[in-house]
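Here are my notes on the model, point by point. Please keep the structure open while reading them.

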Amino acid sequence: MLFGTIPVVDLLTGGDMDTDAPTVQMTTEPVAGSPNQRRLVATLHWTPAVHNASVGIVHLDVTADTTFTIDGRVERIVEVRPGATPGATSSTFSGQLANFSVDLLGVVAVNFKQFRFTSESGKKPDVNVSLDDDPVGFEGELAFVNELQNYIPPGLFGDGASLDISPTRVRAGFGIGLPPIAIGVFALEGVALNAAVELPFVDGKPLFDFGISSREHPFCLTVAFLGGGGFFHLQLDTSGIRLLEAALEFGASASIDLGVASGGVHIM
């Protein structure tokens with residue numbers, strides 16, 4: 001499974017066995033210091049053609065530059081005499097998927113330069129990830145975020161695009177706070193947009209997180225002395241909605257700014 005969700009077999013195109021079949025070789029090797037023992041070795045090399053794969057809200061998209069490589073080695077030591085019991089089998093398998101992207105809900109895409117895994121007998125799988133120079137892209141209903149980041153300096157009204165990679169997962173997203181807007185008797189302030197996608201490498205489920213402002217810091221909308229505010233927070237994974245919370249409130253609000261002092265009062 002890739003990212004805890006997509007079966008590797010779903011990537012395979014089922015190409016021509018003359019050109020797309022794995023290469024397998026069987027050899028024997030001497031065991032140093034043991035003239036009565038031999039090591040049986042089987043090696044595998046496979047570079048199958050791949051295509052796009054989808055599971056629920058998760059889509060893995062390949063390009064003309066995408067490559068998939070699998071290498072394996074299985075070995076066992078045996079006694080060179082009738083009736084001898086062979087030793088335990090050990091194996092090492094590694095795979096690399098390069099130049100692809102993972103998309104959630106058609107709104108956030110994480111672009112990978114390389115996703116490499118290694119599995120050895122008796123050890124946990126080891127994963128190594130390298131992201132593209134432009135690792136995160138926003139699409140569809142969130143495509144405007146790409147343009148916003150060109151005009152709002154990171155850190156001025158939020159954290160901008162963020163990227164966090166650990167040995168078990170990658171989390172990519174953005175947090176942008178919009179500047180206050182005041183037009184006549186209309187005023188809007190405290191609006192923050194947040195979106196993130198979290199991809200586990202081996203175990204777990206991909207997660208999409210989206211929010212407008214927050215419970216602790218809701219936005220505020222005022223028209224004359226009437227006003228209100230609220231927030232919205234949604235988390236989705238491949239099983240459905242994990243969290244959904246929202247609030248909208250309405251009431252009276254007034255504020256004053258004299259330059260040297262400012263203040264406000266509201267009831268909701």
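1. Strand β11 pairs with strand β14 (residues 219-223) in the antiparallel sense, over four bridges. Strands pair if DSSP finds at least two bridges between them. Strands here are DSSP runs of E with at least two residues, and helices are runs of H or I with at least four, numbered from the N terminus. Leu188 has Leu221 as its bridge partner in β14.

2. This is a predicted model, in which local features need pLDDT of at least 70 and side-chain atom pairs count only at pLDDT 80 or more, while totals for chains, interfaces and linings use all residues. Residues are numbered from 1 along each chain as its sequence is written, and side-chain values use heavy atoms, with hydrogens and water left out.

3. β11 also joins strand β10 (residues 181-183), through three bridges, and the two run antiparallel. Ile181 stands opposite Leu188 in β11. Two residues lie between the strands of this hairpin, and Gly184 takes a positive phi near 60° there.

4. Look at Ala187 in β11 (residues 186-189). Is Ala187 buried or partly exposed? Its relative accessibility is 28%, so Ala187 counts as partly exposed. The cut-offs are under 20% relative accessible area for buried, over 50% for exposed and partly exposed in between (1.4 Å probe, protein chains only).

5. Which residues does Ala187 touch, not counting those up to four places away in sequence? They are Ile181, Ala182, Cys220, Leu221 and Thr222. Contact means heavy atoms within 4.5 Å.

6. Now the aromatic rings. The whole structure holds six aromatic pairs. In Phe3 and Phe112 the ring centres are 5.4 Å apart and the planes meet at 45°, so this pair is tilted. Rings of Phe, Tyr and Trp (its six-membered ring) pair if their centres lie within 6.5 Å; planes under 30 degrees apart count as stacked, over 60 as edge-to-face and the rest as tilted.

7. Phe3 sits in the segment before α1 (17-20) and Phe112 in strand β6 (residues 108-120), so the pair links parts 109 residues apart. Phe3 is buried at 1% relative accessible area. Phe112 is buried too, at 2%.

8. Phe115 and Phe201 form an edge-to-face pair, because their planes are at 75°, with centres 5.9 Å apart. Phe115 lies in β6 and Phe201 in the loop between β12 (192-200) and β13 (207-212), so the pair ties together parts 86 residues apart in sequence. Both Phe115 and Phe201 are buried.

9. Ring pairs link Phe3, Phe100, Phe112, Phe115 and Phe201 into a cluster.
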